[in-house]
Amino acid sequence: MVIVILALLIYILKCKFEKLSPKGRNNILICFLFGIFIICIFNLYVEYCVGWKYGVPFDDDSSWIFKAAESMKKGSKWSELYLLVSRSWDLTNRVLSPANIGQYIYAKFVSLCLYYPVIIDLHVNIYILYLIQFTLITIAIIDMILELEGIGKAYYKKIPSKSIVFFLILFYPMIIFNAGKMLRETIYTYFMFEMFACFLHYLNNAEAKEKMKKIIIYALLMLLFRPNSVMIVIPLFIWMFLGDEMAVIINLIIMGIVTLGTLIVNWIMQMVGWSYSFGNVSIYETIHLVLFPNIFNQIKDFMYIFSEPSWQTVVYFFQSFWNIIFIVIMVVGMVFAKNKKYTLVFLTMLLNALFIYSIAYCIENFTPRYKLIYIIPQIYFVYTGLCFMKSKFKLR
């Protein structure tokens, strides 16, 4: 099964490469191979330095996915899999429900890849699984950058090369490192990028009605894996069917509901004597999520990656470094964007996505994976920032 899936994806990737120029194809192939190397080194470090068997961190969602995949192979019912959690407080969150059905589907996918059949050793299947995930996300990124180029050409005289855009997105730590772990995030990100690529194609070619069906399908799959991505789906759908101005209006309405609505609900709860707090928007937590993890803190931790091994230290350090690159270019893209309507849509979309997380989670529970919730508007602003910088400086 795992070999068949990999072979199919390699063939699809080969077809995508044919859409690129020879130079771009070579550069992206080098990035792809280097990415595989990074994933292998990361997993070897986790297995032999940190000490996790098979390189699977047993202190996060990967633990449950790995155990659930094995139990599925043994014939366990899905309704019983929540009992496999490694943390007792996580029992309620893991019970099968519409909110986490995506994790169960992903666990079944992992089970099929790991055990039907085992090739030589389970290690081999695990690494092929990671290669499948990495190839899948590479395909989606190529599709997306091909469509981003259409936006760039419409508003800028000069645009950055596909290679540099591909590099910045692929090596965004929450993309490349998630591809090397047993997490649903890679599958979710694949659907998200493909949906965005189809949406950009629709923007570039308004008569391309056939893309609308694909956008809807990818959006539904996104919601299946991450229901809170509705904050990205709604404005894009409004934009597609009612126009960019209406998308801005709807985003502002959502922003008002999220900010004022939660305050009103919490006030009513206090009035009737309920101790439960629904939560409300926190600007401080919103800023924290954008800047998290902090480069200064992570440098200190990274100095001890061998004396005090930790897979989180590796991921958090590189994410903190990439934050600086992305945030700087993103701000440039926001300030100097040529299309102000697009800027308003993506800016309000970004803020709403951040606000939702500031309501649902507190700072102590933030992980870098949550940054994926606003990756679409962020990528748009990074691309427009690169377009502006290309016109001012000698960029590739």
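Modeller: Let's start at Ile120, which sits in the loop between α5 and α6 (helices are DSSP runs of H or I, at least four residues, numbered from the N terminus). The model is predicted, so local features need pLDDT of at least 70 and side-chain atom pairs 80 or more, while totals for chains, interfaces and linings use all residues. Residues are numbered from 1 along each chain as its sequence is written, and side-chain values use heavy atoms, without hydrogens or water.

Colleague: What is the phi of Ile120, and is the residue buried or exposed?

Modeller: Most residues other than glycine have a negative phi, and most peptide bonds are trans. Ile120 is not a glycine, yet its phi is positive, about 65°. Its relative accessible area is 82%, so Ile120 is exposed (over 50%; buried is under 20%, and partly exposed is in between, with a 1.4 Å probe and protein chains only).

Colleague: Which loop holds Tyr54, and what is its phi?

Modeller: Tyr54 lies between α2 (22-50) and α3 (61-73), and its phi is positive too, about 65°. With a relative accessibility of 18%, Tyr54 counts as buried.

Colleague: What is Asn125 in contact with?

Modeller: Asn125 is part of helix α6, and its relative accessible area is 0%, so it is buried. Beyond its neighbours within four places in sequence, Asn125 has contacts (heavy atoms within 4.5 Å) with Val2, Cys113, Leu114, Tyr115, Pro117, Val118 and Ile119.

Colleague: How many cavities does a search of the whole structure find?

Modeller: Rolling a probe the size of a water molecule over the atoms shows where empty space is left. A cavity is a set of points, on a 1 Å grid over the protein atoms alone, where a 1.4 Å probe fits but cannot get out; lining residues have an atom within 4 Å of a point. Points join across faces, edges and corners, and volume is the space filled by probe spheres set on them. The search finds 3 cavities of 30 Å³ or more.

Colleague: What lines the largest cavity?

Modeller: The largest cavity has a volume of about 50 Å³. Its lining consists of Glu185, Tyr188, Arg226, Asn228, Tyr357, Arg369, Leu372 and Ile373.

Colleague: Which residues line the second largest cavity?

Modeller: Ile145, Leu148, Glu149, Pro160, Ser161, Lys162, Val165 and Tyr383 line the second largest cavity. Helices α6 and α7 (162-170) are the elements that give two or more residues to this lining. The largest share, 3 residues, comes from α6, the helix that also holds Asn125. The space in the second largest cavity is about 40 Å³.

Technical notes
On a 1 Å grid over the protein atoms alone, a cavity is a set of points where a 1.4 Å probe fits but cannot get out, and a pocket is an open set with protein on both sides within 12 Å along at least five of seven lines; lining residues have an atom within 4 Å of a point.
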